[in-house]
Each structure stands twice: as structure tokens, then as C-alpha cells.
Amino acid sequence: MNDLSAPSFPAFVVGRAAVVCFSDEDAPPSVPGFVESRFSPLVRQAVDLCWADAKPAGPDRFADRTGMLMLTAFGDSTTTDLASRRLVEGRVRNPLLFYQSVPTSILGFITRELGITGPLTCLSVHDGGTRESFETAGLMLADDAVDQLLLIGVELAGTARTTAAGAGVPGAVRDPGLGDAAVALLLRRQPDPAGPAAAAVDLGAPAGTPAPPFPAAAGKGSGPLRSFGGLWAVTDHVRENQ
């Protein structure tokens, strides 16, 4: 049952993309300055595909008024594990394995590529924080300085460390069999009258669905990715009925 007291944050989905990776063979292209992990390449490819999907709505016109919000439970767990192992083994620290900065660093890289100059932030969330996460997106989009928001969810497959850390938190860890995945949605405060039909959504309402229809099972199982299912389904309905 939805919480009737939850605030309403209306928005319009004008672009979206989902990327899933199961092995190095199907991994997205690497990103300069980022090593070892699929985290940053996944984020970059999801955003690039989402931006391209929104092209009829002219996202470039609002690049200087675009915000970015990343939702992830554990961030770049591959880099975290690698850096930790090197530390325990007494090996020389590699500055490229500074895992704490990876989420904001890849967003910064993307802003340079797309000319985005709006606010950006990253939240560590799990299923229990779904509504609050989307309310944050709504608050960012309600800022007078922002016309559109890139909402990104990314989660790598579970590891021994993330499984232990997520014990007792429902849906916090992504099943290894589902691979690594990233989802990106471009949200706008107002639809473009000259563009294609945009899906109206309420970011203040819980956005999860039991089995969201992401490509290749991208939406099943883990933290923020499952939360995108409702937004994805609404967009599907609008596009199928254009």
C-alpha cells in the first residue's frame, strides 16, 4: 500500500537505457583513468545510451541545467576488494584504486563528455531506502537551476565481502548469476511539446515492482536497480501506445 502522506514529485521520462555484463567478453569499452573494474564502463555506457535514446527530446539543449544522481548499494566493489587485498598483502598502493572516489569520478568524467554543468551526487542505498532515494531525485529536479536529471542505478554482482556486508538487508546484494548492471533514466520537469510522448511518473511514490522488465534480467534482485522497475514499466506503456 502506498503511503498517502508521501510527497509528490512529478517528472517525465524522456530517455532510458539498461546495460548488463556477465563476462569480460561482453564488457563495455574501458574508460581512461579507470582500471580493473566494470563499474565505470557500465555507468558510462548506460548514460551514453540513455542520452542517445533521449535525442528526439533534445537533451543537449539543457546540458548546463542537467543534474546527476547515482544510486548504488556498494559502489565499485571490485576496486574495493582489489585495493583491500593489496593492502593486506603489503603491496604498493595504486592511486587508481582509490575506490572511495570512483562513483563521483565517473560522473565527473561523463559531465566533461556531455557538457553537463549541473549538480551531481551519489547515494549508497538498499531496498529499504527506495522511496527516500527517489524523493531525493524529485528534490533535485525541483531545483530552479535544474531542468532535467540523469538518474543512474548501478550494482556489480555480489562478492564474498558484499554478501557478508549485506547480510540481513533484504535485496542489498546482487546475485552473481545476474551479472553486473547499470540503468540510466533521463527525467525532465516538463515534456518537450515538439518531442515524442514522455512517460509521466511520480518520484515520491515507491517505484519498485516484483519483476521489472529490464533487458537480460538487469532489474532482478539488487538494491536500486529493482527500484527502477516501476519507472521502466510506465515508460514501456507510454511508448507502446504512442
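**Close-ups of a predicted model**

View 1. Gln148 sits in strand β4, which covers residues 148-155; strands (E, at least two residues) and helices (H or I, at least four) are DSSP runs, numbered from the N terminus. This is a predicted model, where local features need pLDDT of at least 70 and side-chain atom pairs count only at pLDDT 80 or more, while totals for chains, interfaces and linings use all residues. Numbering starts from 1 along each chain as its sequence is written, and side-chain values use heavy atoms, with hydrogens and water left out. Is Gln148 buried or exposed? With 0% relative accessibility, Gln148 counts as buried (buried is under 20% relative accessible area, exposed over 50%, partly exposed in between; 1.4 Å probe, protein chains only). Leaving aside residues up to four places away in sequence, Gln148 touches a set of residues including Trp51, Phe62, Leu141 and Leu187 (a contact is heavy atoms within 4.5 Å). A polar atom of the Gln148 side chain also lies 3.0 Å from the backbone oxygen of Pro59.

View 2. Asp147 and Arg189 pair up through their side chains in a salt bridge, 3.1 Å from N to O (that is, a side-chain nitrogen of Lys or Arg within 4 Å of a carboxyl oxygen of Asp or Glu). Asp147 is in the loop between α4 (130-141) and β4, and Arg189 in the loop between β5 and β6 (199-202), so the pair ties together parts 42 residues apart in sequence. Arg65 joins Asp147 and Arg189 in a network of salt bridges. Asp147 is buried at 17% relative accessible area, whereas Arg189 is partly exposed at 25%.

**View 3. Asp180 and Arg38.** Here the closest N and O atoms of the salt bridge are 2.9 Å apart. Asp180 belongs to strand β5 (180-188) and Arg38 to the loop between β1 (10-21) and α1 (39-53), so the pair ties together parts 142 residues apart in sequence. Asp180 counts as buried, at 7% relative accessibility.

**View 4. Asp60 and Lys55.** Their side chains meet in a salt bridge at 2.7 Å, N to O. Asp60 is partly exposed, with 43% relative accessible area, and Lys55 is too, at 41%.

**View 5. The cysteines Cys50 and Cys122.** Cys50 is buried at 0% relative accessibility, while Cys122 is partly exposed at 24%. The whole structure has zero disulfides (a disulfide is a pair of cysteine sulfur atoms within 2.5 Å).

Conventions: A polar contact is a pair of N or O atoms within 3.5 Å; within protein, one must be able to donate a hydrogen and the other to accept it, and residues adjacent in sequence count only if both atoms are side-chain atoms.
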